Amino acid sequence: MDEKSNILPKIDYYVKLVLKKRWLMIIPFCLAMSAGIYLSIKLPKVYKADTLIIVEPKSVPDKFVPSLQMQDTQEQISTIEQQIKSRSNIERLIEKFKLFSGPEYKGHMFIEDKIAIVIKRIMLKVNRSRGGIESFRIEYEDKEPEKVRDVVNWLATTFIDESVKLRELQVFETNKFLAEELAVLEGRLKEIESAIKKYRQQHYGELPEELASNLAALERLQTQLTEKQQNIRDAKNRLTLVENQIAMSGFNTEPSLILPLEESKPAGDSSVSEIDRMKDTLKQLKIKYTDRHPDVIRLTAMIERVEENLTEISEEHTESNTGDSDIPEKKDTPSLDENTDTISPFHFELTLQSDRIKAELMKYVEENNKIQEQIQKYEKRIEMTPIVEQGLIDLNRNYTNLQRTYNNLLDKKLESDISVNMEKKQKGEKFRVVDRARLPQKPVSPDMKILFAICLAAGLGLGGGIIFLSDFVDNTLKIPEDVSSKLHVPLLAAIPEIQKKKDLVFHRMNQVFTAFSLILAFALFSVFGLFVLKGVDRVLEVAKRFV
């Protein structure tokens, strides 16, 4: 209770103090409101307009048509912002909307200063989300609301046009680059294909895929060579046999093979022994060959003819002996010339057979040489096959790598063509204006709310500060309680102030002026409040209608 009893007198005292010195509160408040109203009217007004642009996603997902854009949305916005704020674009903007064209700017501002001011007034605010950029705003501030609106709409249109140009530039340049690189790779592929074709033509027969046929041909030739060599050996054996027979019969026409005959042997014994040798030779041939072999058949026929001749000779000899038995004559061994009629067919047959065997042997030797030449040719091909294969592998490796690169680039080119078509049909990611800039009604500068708060605080604070400061420096006794607290003397009684007639008149006049000043302060406060709520221009327009 004591604390409350102490606080209540102080509150009453301060209330009375404010009422007593109300002019120190009213006058600063009215001055502050008047200054605020004056500043609201006289300060240069800056209007701001903005437009909302959203980022529309692609109509076709990336999994169906991959995007060729090398920049994401943030990078695109940054790039386009730099293009919009470029010197050439800002100069075009200033010239188009005649910014800074008033008389106060002529001769006082350089173009560089104008460009710097315009760039500072252009603002771009991005609204981000977890998935990326959803939208952004383009804002512009200036003193003329119509120009602010027009500039913002022009900036939005320019932004969208630049974004379309940027995307098309990226897509078309990428497509053009891929087409050029594809043409270069195609030319290199044709060069390698031509080199491979020429290399295969130069090494025809030595290619890896011909190795199996070359080995088979070599094996076949070696088999033929073996057969030919066997034929040569057989022919030589047969020729040796025939020459031996000719030598033993004494009718060899070749000087190197002529052997001397025994002149003491009779013709019959010689013929018999020759037949025996021919039969021995036939036995040897039958050991090696069958009965159908030409040499066996030929020698058998010769033996039969010789035996027939011998039979005829022996019959004639018997008849001659019986007819001339009384005059026996001793005859010498018939010479080869005398028995020409009986031996000549055998000798002639052997000679022909020898010639045929020699011709056959020469044919076999010639064929053998040709086969050996073919074998050397195929052996050389087989030896060259690994070297040719390595060279072909190098060419094919380069061709395969280039072909793989070409195919990958071709796939990208096809995707690029689809992306180009998608950009032409406006199916890709794009920017769209949702809210176009409107004519601003209220200025953003000066900020009326802040100005109102400052003036209100200044008026009330200044008046209250003066009141309480004057009270603080006043050391007189102000209330009865100060007597006991400051003088430490008990208070016996307090005499109220006695007012005279003139004091009452002055008090009434003071009340009238106070009421008038309060009405004025309220009016100033209301006008200032309307400026804050409705805007200075609109309030002034309404006021002009009633004036």
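The following questions and answers go through a predicted model of a single chain.

Me: How many helices and strands are there in the chain?
Reply: The chain has 547 residues, of which 33% count as buried. Its accessible surface comes to about 36100 Å², with 58% of that belonging to carbon and sulfur atoms. As for the elements of the chain, the count is 14 helices and four strands.

Me: Among contacts between residues at least 6 apart in sequence, what percentage join residues at least 24 apart?
Reply: A contact here means heavy atoms within 4.5 Å. Among the contacts in the chain between residues at least 6 apart in sequence, the share that joins residues at least 24 apart is 82%.

Me: How many residues apart in sequence are the parts that the pair Lys48 and Glu139 ties together?
Reply: The side chains of Lys48 and Glu139 meet in a salt bridge, with N to O at 3.7 Å. Lys48 lies in strand 1 (residues 47-56) and Glu139 in strand 3 (residues 132-142), so the parts that this pair ties together are apart in sequence by 91 residues.

Me: Which helices hold Arg238 and Glu360?
Reply: Arg238 forms a salt bridge with Glu360, and the closest N and O atoms are 3.4 Å apart. The pair ties together parts that are 122 residues apart in sequence, because Arg238 lies in helix 7 (residues 211-249) and Glu360 in helix 10 (residues 340-424). Arg238 is buried, with a relative accessible area of 9%, whereas Glu360 counts as partly exposed at 25%. The helices asked for are therefore helix 7 and helix 10.

Me: Which residues do salt bridges that share partners join into one network?
Reply: A search of the whole structure finds 15 salt bridges, and one of them is the pair of Lys48 and Glu139. Salt bridges that share partners join into one network the residues Lys48, Lys125 and Glu139.

Me: Which backbone oxygen does the side chain of Asn89 reach, and at what distance?
Reply: Asn89 is found in helix 4 (residues 87-97) and is buried, with a relative accessible area of 5%. Leaving aside neighbours within four places in sequence, Asn89 is in contact with Gln83, Ile84, Trp154 and Thr158. The side chain of Asn89 reaches the backbone oxygen of Ile84, at 2.7 Å.

Me: Within what arc do the buried residues of helix 5 fall?
Reply: The buried residues of helix 5 (residues 111-121) are Lys114, Ile115, Val118 and Arg121. Seen down the axis of helix 5, these residues line one face of the helix, because they fall within an arc of 130 degrees.

Me: What accessible area do Ile11, Val15 and Leu19 have together?
Reply: Val15 is found in helix 1 (residues 2-20) and counts as partly exposed, at 45% relative accessibility. Residues three or four places apart in an α-helix point the same way, because the helix has 3.6 residues a turn. Ile11, Val15 and Leu19 form a nonpolar patch on the surface, and their accessible area together is about 270 Å².

Terms used:
Residues numbered from 1 in each chain as written. Predicted model: local features only at pLDDT ≥ 70, side-chain atom pairs only at ≥ 80, totals over all residues. Heavy atoms only, no water. Patch = residues over 30% accessible without salt bridge, like charges linked within 9 Å, V, L, I, M, F, W, Y side chains within 5 Å. Areas by Shrake-Rupley, 256 points an atom, 1.4 Å probe, with all protein chains shown as cover. Salt bridge = Lys/Arg side-chain N within 4 Å of Asp/Glu carboxyl O. Helix = DSSP H or I, 4+ residues; strand = E, 2+ residues; numbered from the N terminus. Buried < 20%, exposed > 50% of the residue type's maximum accessible area, 1.4 Å probe, protein only. Arc of directions from axis to C-beta. Polar contact = N/O pair within 3.5 Å; in protein donor to acceptor, adjacent residues only side chain to side chain.
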